[in-house]
Amino acid sequence: MLAIDDAIRKLANRERNQVAGCMHAHDELVVLNRLLMFSLNDIGEGELHNHAQGVQMWTVMQLLTGKLFETWNMLVERFLKSNPEDPAIAALSDAHKKDLAWLKDYFGTIPLKDSALRTIRDKTGFHYDKLNLDQATNALTEQESMIYVAEHPANACCYLGSSLIFSAAFAAIADKHADTSAMNQSERMAAGVDIALADLNEVNLRMHNVLYSLIEHGLTRAAGGSFDNLVRLDVPVVGAPMSSAVALPMFLDIEQPRKRP
């Protein structure tokens, strides 16, 4: 039997970098997806709770979107630019080739396409592109203009800033993908959230399908043609909670640092 570390050492640098890149991207996406699921769960009631939860969900969604773009860029650089076709891409199943084709059509390569998720990545990250906040500012309500201060920065919430940024971004998404002529700002924002979440779910599923297939191809090559040649240990997962049973807390009890004597 061959240990996985010995198998990986036998791979050429290019193949090793491909497998490691796909595994690392998979792990990052899994963690951020888990956080997004947790952020969608209610843990309290009231305006403060709603605002804190909204900021958390939007922020995790933004981070996950950015990571999906990084993963796509990695696939383009390490696999799709190969000429002739990379063996790992050629070995994809017909179903996973369809997933890859869908991702290529959604993201584009050079240049990237103007999608709902690209709006989130570019417009809510100031180092990419600025938002036009005029409409969101004109529609701003008193409830949205809240800033919650706290003794520790980890518990503060500047809802005003996040509500302006994400309201403008989601409304822009709705304007590009639906008829919003009869909608007000809140309705446009809600429509944009639905569009973005639907795209996020679709991209996530297809991205993981492709990553799994590429990882499997690399490990099969490392194992000399069969997983049966690798040492395998099945570890049961016991006591794991359902994704709907865990929520990100609104506030944290921050311990004060001990004073030096």
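Student: In what order do the elements of the chain run from the N terminus on?

Tutor: This is a predicted model. The elements run α-α-α-α-α-α-α-α-α. The chain has 9 helices and 0 strands. Its C-alpha atoms fill a box of roughly 65 × 60 × 35 Å along the principal axes.

Student: Why are helix 8 and helix 9 called roughly perpendicular?

Tutor: Start with the angle. The axes of helix 8 (residues 159-177) and helix 9 (residues 185-222) cross at roughly 75°. Angles of 65 to 115 degrees count as roughly perpendicular. Helix 8 and helix 9 are therefore roughly perpendicular to each other. Their axes come within 7 Å.

Student: How do you know that helix 8 and helix 9 meet?

Tutor: Contact means heavy atoms within 4.5 Å. Residues of both helices pass that test. Among them are Phe-166, Phe-170 and Ile-173 in helix 8, and Met-189, Val-193 and Ile-195 in helix 9. By class, the contact has 11 nonpolar, 4 polar and 2 charged residues.

Student: What makes Glu-28 and Lys-67 a salt bridge?

Tutor: Side chains of opposite charge can pair when their charged atoms come close. The cut-off is 4 Å, from a side-chain nitrogen of Lys or Arg to a carboxyl oxygen of Asp or Glu. For Glu-28 and Lys-67, the N to O distance is 3.2 Å. That is within 4 Å, so the pair is a salt bridge.

Student: Where in the chain do Glu-28 and Lys-67 sit?

Tutor: Glu-28 is in helix 2 (residues 13-39), and Lys-67 is in helix 3. They are 39 residues apart, so this pair links distant parts of the chain. A search of the whole structure finds 12 salt bridges.

Student: How much space lies in the largest pocket, and which residues are closest to its centre?

Tutor: The largest pocket holds about 270 Å³ of space. It has 16 lining residues, and Ala-52, Val-55, Gln-56, Ala-154 and Ala-156 are the closest to its centre. Helix 3 (47-80) and helix 8 each supply at least two residues of the lining. The largest share, 4 residues, comes from helix 3.

Student: What classes make up the lining of the largest pocket?

Tutor: The lining has 12 nonpolar residues, 4 polar and no charged. Ala and Val count as nonpolar, so Ala-52 and Val-55 fall in that class.

Notes: Residues numbered from 1 in each chain as written. Predicted model: local features only at pLDDT ≥ 70, side-chain atom pairs only at ≥ 80, totals over all residues. Heavy atoms only, no water. Axes fitted to C-alpha atoms, helices over the stretch in contact; angles between N-to-C directions. Parallel < 35°, antiparallel > 145°, perpendicular 65-115°, else oblique. 1 Å grid on protein atoms, 1.4 Å probe; cavity = no way out; pocket = protein on both sides within 12 Å on 5 of 7 lines; lining within 4 Å. Points joined across faces, edges and corners; volume = space filled by probe spheres on them.
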